[in-house]
Amino acid sequence: MTARRIKFSILFIILITCLTTFLLNFTDGASIQASPNIEVSSATNQTLKTPVNAEEIISTAIVTAIEGTDTQKGQMVVMHRPNWKFAENLVVQLEKLISAAENGDNEASYILSMNLRYCFSSPIDDIALEQKLEQVYEFSDSEVAVARITEKYQYCAGIEQKQRTQFYSYSAAAANNGYVAAQEVIGRTTAEFFMESQGYQDLEREEFIIMRDNFIEQKVGFLERAAQHGSISALARLSGMNRSQKLGGNGYAKSFAFNHLILELTQSNKTYDRYSRYQQKLHSQLTSEEIENAFAMSAEWLAIIKANGTLYSIGN
């Protein structure tokens with residue numbers, strides 16, 4: 001019996017030694033893969049003056065090492081946005097969501113903001129519901145509209161209007177904490193809707209302009225952060241804003257750079273074809289120097305995106 005115990009102990013020690021050696025080699029390999037990404041991200045950050053979250057990059061590298069994902073092979077992790085709408089009425093989930101959001105749960109903040117935003121324009125009571133239904137009865141597709149309005153009204157029943165206007169504060173909280181889905185939502189929000197929904201439409205003209213411009217600056221900042229974490233939706237939004245010359249000089253060249261990134265990252269044939277056409281149109285409007293600068297910019301951003309290691313496709 002003693003001999004068997006000794007034999008078992010020896011085998012156990014051998015197994016532990018092999019396992020330790022394997023883990024040390026695996027960790028060293030992961031470190032070699034992660035270090036260049038962090039270094040590239042830091043260098044490009046100085047050029048673009050846009051912060052890259054080093055903790056997130058390190059976290060991604062650790063997850064990669066543990067799970068053995070394809071990131072080690074140069075592929076990025078495809079991320080998915082959470083479903084935010086519930087089967088039951090929102091009021092059933094409201095207190096739970098608020099509590100989680102106030103305790104720093106970014107996903108809960110995002111889901112809460114999406115629901116409150118969805119309910120923002122819904123009738124607040126039965127009287128408001130009847131008034132809204134009266135407006136659509138005259139249209140040919142009134143049955144569809146009535147069903148949609150009624151469904152939303154029932155889903156949002158019990159949520160006060162003051163609570164509904166708080167959708168932006170919850171979105172901004174999650175976006176500031178680096179939650180890409182929330183950054184995308186703010187990136188899709190128009191300045192007009194922001195000013196109206198947050199009660200700023202009656203400000204004095206000078207104050208109104210300052211508030212609106214601050215929002216636009218914040219919006220662009222969130223879009224850039226989301227884009228650098230692989231959001232194709234954010235890249236598309238930045239491309240469109242620059243193509244329409246809404247963000248200052250060199251708009252066409254910057255749009256060309258963002259389009260090139262989309263072509264590099266997208267796995268959708270439809271998206272690829274659309275932005276290929278955009279590139280062809282822009283190419284004829286740019287000088288050779290502008291095209292060269294655009295390619296340099298896209299290379300810098302692509303290095304940051306790959307260092308961050310995540311990819312958010314359009315619509316997933």
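Which residues of α8 meet which residues of α11?

**Before you click**

This is a predicted model, in which local features need pLDDT of at least 70 and side-chain atom pairs count only at pLDDT 80 or more, while totals for chains, interfaces and linings use all residues. Residues are numbered from 1 along each chain as its sequence is written, and side-chain values use heavy atoms, with hydrogens and water left out.

**Stop 1: the whole chain**

Show the protein chain as a cartoon, and you have 15 helices and two strands. Helices (H or I, at least four residues) and strands (E, at least two) are DSSP runs, numbered from the N terminus. Of the 316 residues, 39% are buried. Buried means under 20% relative accessible area, exposed over 50%, and partly exposed in between, with a 1.4 Å probe and protein chains only. Contact here means heavy atoms within 4.5 Å. Among contacts between residues at least 6 apart in sequence, 72% join residues at least 24 apart.

**Stop 2: helix α8**

Select residues 167-176, which form α8. Seven of its ten residues are buried, so α8 is largely enclosed by the rest of the structure. To see them, pick F167, Y168, Y170, S171, A172, A174 and A175. The cover over these buried residues includes α3 (90-102), α4, α7 (161-164), α9, α10 (191-197) and α11. Just after α8, stop at G178, where phi is positive at about 90°.

Two packed helices are described by the angle between their axes and the distance between the axes. Here the axes are lines fitted to C-alpha atoms, for helices over the stretch in contact, and angles run from 0 to 180 degrees between N-to-C directions. Angles under 35 degrees count as roughly parallel, over 145 as roughly antiparallel, 65 to 115 as roughly perpendicular, and the rest as oblique. A crossing is left-handed if the near helix is turned anticlockwise from the far one by less than a right angle, and right-handed if clockwise. For residue classes, Ala, Val, Leu, Ile, Met, Phe, Trp, Tyr, Cys and Pro count as nonpolar, Asp, Glu, Lys and Arg as charged, and the others, Gly among them, as polar.

**Stop 3: α8 with α11**

Now for the opening question: Y168, A172, A175 and N176 on the α8 side meet F215, Q218, F222 and R225 on the α11 side. By class, this contact of α8 with α11 has five nonpolar residues, two polar and one charged.

**Stop 4: α8 with α9**

From α8, the contact takes Y168, S171, A172, A174 and A175, and from α9 it takes A182, Q183, V185 and I186. Seven of the residues in the contact of α8 with α9 are nonpolar, two are polar and none is charged.

**Stop 5: α8 with α4**

Next, bring up α4, residues 106-119. Its axis lies 8 Å from that of α8, at an angle of about 150°, and the pair is therefore roughly antiparallel. This crossing, too, is left-handed. In α4, select N106, S109, Y110, L112, S113, L116 and R117; they meet F167, Y170, S171, A173 and A174 in α8. The contact of α4 with α8 has seven nonpolar, four polar and one charged residues.

**Stop 6: the disulfide**

Which cysteines does the disulfide join? Select C119 and C156, with 2.0 Å from S to S. A disulfide is taken as a pair of cysteine sulfur atoms within 2.5 Å, and by this rule there is one. The bond links distant parts of the chain, from C119 in α4 to C156 in α6 (residues 142-156), 37 residues apart. The torsion about the S-S bond is about -80°, so the disulfide is left-handed. C119 is buried at 0% relative accessibility, and C156 is buried with a relative accessible area of 0%.

**Stop 7: two loop residues**

Jump to I124, in the loop between α4 and α5 (126-136). I124 is partly exposed, at 39% relative accessible area. Leaving aside neighbours within four places in sequence, its contacts are Y153, I159, E160, Q161 and R164.

Finish at N250, in the loop between α12 (232-243) and α13 (251-265). N250 is not a glycine, yet its phi is positive at about 60°. Its relative accessible area is 55%, so N250 is exposed.
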